[in-house]
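Please prepare a short briefing on the structure shown below, covering its aromatic pairs, its helix contact and its strand pairing.

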Amino acid sequence: FFQAVLADFLVGSAYENQLRKMRRALSQRIARMSDAICAAFPQQCTVSEPQGGFVVWVGMPENVDALVLHQRAHEAGVACMPGQLFSASGKLGNYVRLNCANGGSPQVDAAIVKLGALVHELSDRQPALRDAA
């Protein structure tokens, strides 16, 4: 019975309508989160525009170590993924990956503000990554 119901859903127009709604909602969440990042982070930061999926990459000033940011953010109750975890060569040291699937909620907006404040603080204090090696 359940397989038949699912088959009808997938073949019918309800599935396409649901996909359109989901894509629209996700696109709005990504846009809102990108705007929040641009408002909260230092001006020299960059935000990627996903070609698919629901994560954005934030490029930060070269002197911000994403691993240090990750630790400080974790202590503040904010989740972010340092770019080094996604690079076999250890590059992306000043990038973080942020999930936009739940973007647009007051909690996520507050987390972006906290994260932006940490990036401001770290960009003002840390030596450049290339100088630390």
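Which residue stands opposite Val96 in β4? Val58 does, and the points below place this position among the other features of a predicted model, in which local features need pLDDT of at least 70 and side-chain atom pairs count only at pLDDT 80 or more, while totals for chains, interfaces and linings use all residues. Residues are numbered from 1 along each chain as its sequence is written, and side-chain values use heavy atoms, with hydrogens and water left out.

**Strands**

- β2 and β4 pair in the antiparallel sense over five bridges, where strands (E, at least two residues) and helices (H or I, at least four) are DSSP runs numbered from the N terminus, and two strands pair if DSSP finds at least two bridges between them.
- β3 and β4 also pair in the antiparallel sense, over two bridges, and here Pro82 stands opposite Val96 in β4.
- The covered face of β4 holds Val96 and Leu98, whereas Tyr95, Arg97 and Asn99 lie on its uncovered face.
- In a regular strand the side chains alternate between the two faces of the sheet.

**Aromatic pairs**

- Searching the whole structure gives two aromatic pairs, a pair being rings of Phe, Tyr and Trp (its six-membered ring) with centres within 6.5 Å, counted as stacked if the planes are under 30 degrees apart, edge-to-face if over 60 and tilted for the rest.
- One of them joins Phe1 and Phe2 in an edge-to-face arrangement, with 5.7 Å centre to centre and 70 degrees between the planes.
- Phe1 and Phe2 are both exposed, that is, over 50% relative accessible area, with buried meaning under 20% and partly exposed in between (1.4 Å probe, protein chains only).
- Trp57 and Phe86 form an edge-to-face pair as well, at 5.4 Å centre to centre and 85 degrees between the planes.
- This pair links distant parts of the chain, 29 residues apart, since Trp57 lies in strand β2 (residues 55–59) and Phe86 in the loop between β3 (81–82) and β4 (95–99).
- Trp57 is partly exposed, at a relative accessible area of 23%, and Phe86 is likewise partly exposed, at 36%.

**Helix contact**

- The axes of helix α1 (residues 2–11) and helix α2 (residues 13–40) come within 4 Å and cross at roughly 65 degrees, the axes being lines fitted to C-alpha atoms over the stretch in contact, with angles from 0 to 180 degrees between N-to-C directions.
- Therefore α1 is roughly perpendicular to α2, a class that spans 65 to 115 degrees, with under 35 counted as roughly parallel, over 145 as roughly antiparallel and the rest as oblique.
- Phe9, Leu10 and Val11 in α1 meet Ser13, Ala14, Tyr15 and Gln18 in α2, contact meaning heavy atoms within 4.5 Å.
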